Amino acid sequence: MPRNAAELPSVRLACPGERCAVETYDVVIVGGGVIGASVAWHLAVRGCTRVLVLDAAPGPGEGSTGAATGGFRCQFGSEPNVRLSLLAREKLLRFADEVGVDPGYRPCGYLFLVERQATLAALLDAQAMQHALGVAEAWPVTVEEALEINPAVAVEGLVGGVYSPTDGFIRPREILRGYSEAAARLGVRFEYGAAVRGLRVQDGRVVGVRTDAGEVGAGAVVNAAGPWAGKVAAMAGVDIPVYPLRRQVALTEPFAGLPECMPLTIFVEAEFHLRVRDGRVLLLWSDQPNTADPFDVAFDDGWLPQVTARAHRWIPSLRQATVDRAACVAGLYEMSPDRHVLLGPAPGVENLYLANGSSGHGVMHSPALGQLMAEMILDGSASSMDVHPLRPSRFAEGQPNAAPEFL
Ligand SMILES: Cc1cc2nc3c(=O)[nH]c(=O)nc-3n(C[C@H](O)[C@H](O)[C@H](O)COP(=O)(O)OP(=O)(O)OC[C@H]3O[C@@H](n4cnc5c(N)ncnc54)[C@H](O)[C@@H]3O)c2cc1C
């Protein structure tokens, strides 16, 4: 049952039982992307509604969330990522009832294909762990089975792969809209065009959040600033290893040669993957961008021949498709060194909470991250899953997550 924030034990309310001298919120969230919006809704639905979301952009979806292609999977290499996905999937299945918007979860499958036996062995090790955590539906596939699952693939050179039919697709902007609108209905205030310029820290706590319009008081502050999270943490004197990484997506003109529910198909060693969305094919290849400014999202045309060469190699029917240059997009992943989210209080500033560094998985994990963050803020610790492996201090302690990821 949702409880009233005033009864909650561990959130130190900004101004308990008295009038605040300045405008003050129990929780101020910096960043109104899908993660900030999810945190806002999960707080509000539990009765903590004196919440302010500040976003620098003129409207919702201008950060990474708006660029995301909308993949969802439980096939991860590490236990914490699988657990985050399982919790998120449970919540996506209830999303329309709870939040009032269709999150677009469509289990069309994820098919990982490999050229080397060593890569296959690593994927199968990961699959054994996924099975142990309850992803029973994931299975190893031979080259022949891969061809049955996705007949468009040129299988020469492949040795096999793994597949799960419950992985698939989600709609990032719809999830963002759902959480933002539902949180606002519960009383959360969203302000766009409101860049946070500074955080005022006293005695190891953030007490004020400064924008161009002035300062607001805060009982707790959540850093949900996506690729810009390092800059926001630095405002409180906290150094976090979260950095931007440009990722580009090529879209074809409408193309009828591949089915809409084709599994997302990943050629692991080639670092190339593709899916179909709204009748167009989305092509992704992980390059190492050579940009002077790591926040630069200008689209690099030199990348296009490289991604299309991979598309033609692995999916020959795509030689008939044309790239729609105007529809191509570039955005930023928010990377961490071990490619796992940093989740929890910032080292040294007890009421500054981090939900940063999801490393390209932030939309699919956002339902879980919002719930876990609300538990941490309102109850003092997360109860829905073990978040210890995700603690922000793990890098300073020399204990990053070691399991490999394949995408
Ligand atoms: C090409 C691409 C494809 C992707 N595909 C997938 C996918 O298939 N599945 C998946 O799960 N994830 C995917 N991702 C990753 C996903 O988009 C991110 O993990 C997720 O959107 C992170 O959400 P967020 O809310 O933390 O960040 P954002 O959506 O970036 O939101 C952060 C917000 O903080 C605001 N902000 C920043 N600084 C300040 C400040 N000082 N003051 C106020 N506001 C501030 C920004 O304006 C922004 O709106 C993809 C990303 C890209 C780029």
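Into which domains is the protein chain divided? The chain comprises domain 1 (5-66 + 173-241 + 338-394) and domain 2 (107-166 + 244-335), with bounds taken from an automatic or database domain assignment. The model is predicted, so that local features need pLDDT of at least 70 and side-chain atom pairs count only at pLDDT 80 or more, whereas totals for chains, interfaces and linings use all residues. Residues are numbered from 1 along each chain as its sequence is written.

The C-alpha centres of domain 1 and domain 2 lie 32 Å apart. Contact between the domains involves 11 residues of domain 1 and seven residues of domain 2, two residues being in contact if their C-beta atoms, placed from the backbone, lie within 7 Å. The side of domain 1 that touches domain 2 has two nonpolar, eight polar and one charged residues; Ala, Val, Leu, Ile, Met, Phe, Trp, Tyr, Cys and Pro count as nonpolar, Asp, Glu, Lys and Arg as charged, and the others, Gly among them, as polar.

Eight strands form an open sheet with mixed pairing, in the order β5-β6-β4-β13-β14-β15-β12-β16. Strands (E, at least two residues) and helices (H or I, at least four) are DSSP runs, numbered from the N terminus, and two strands pair if DSSP finds at least two bridges between them. Because β5 (139-141) and β16 (329-335) each have a single partner strand, one side of each is left without a neighbour in the sheet.

Strand β5 runs antiparallel to β6 (residues 160-164), to which three bridges join it. The bridge partner of W139 in β6 is Y163. Helix α4 (residues 117-133) packs on the sheet and touches β4 (110-114), β5 and β6. The direction of helix α4 makes about 145° with that of β4, where axes are lines fitted to C-alpha atoms, for helices over the stretch in contact, and angles run from 0 to 180 degrees between N-to-C directions.
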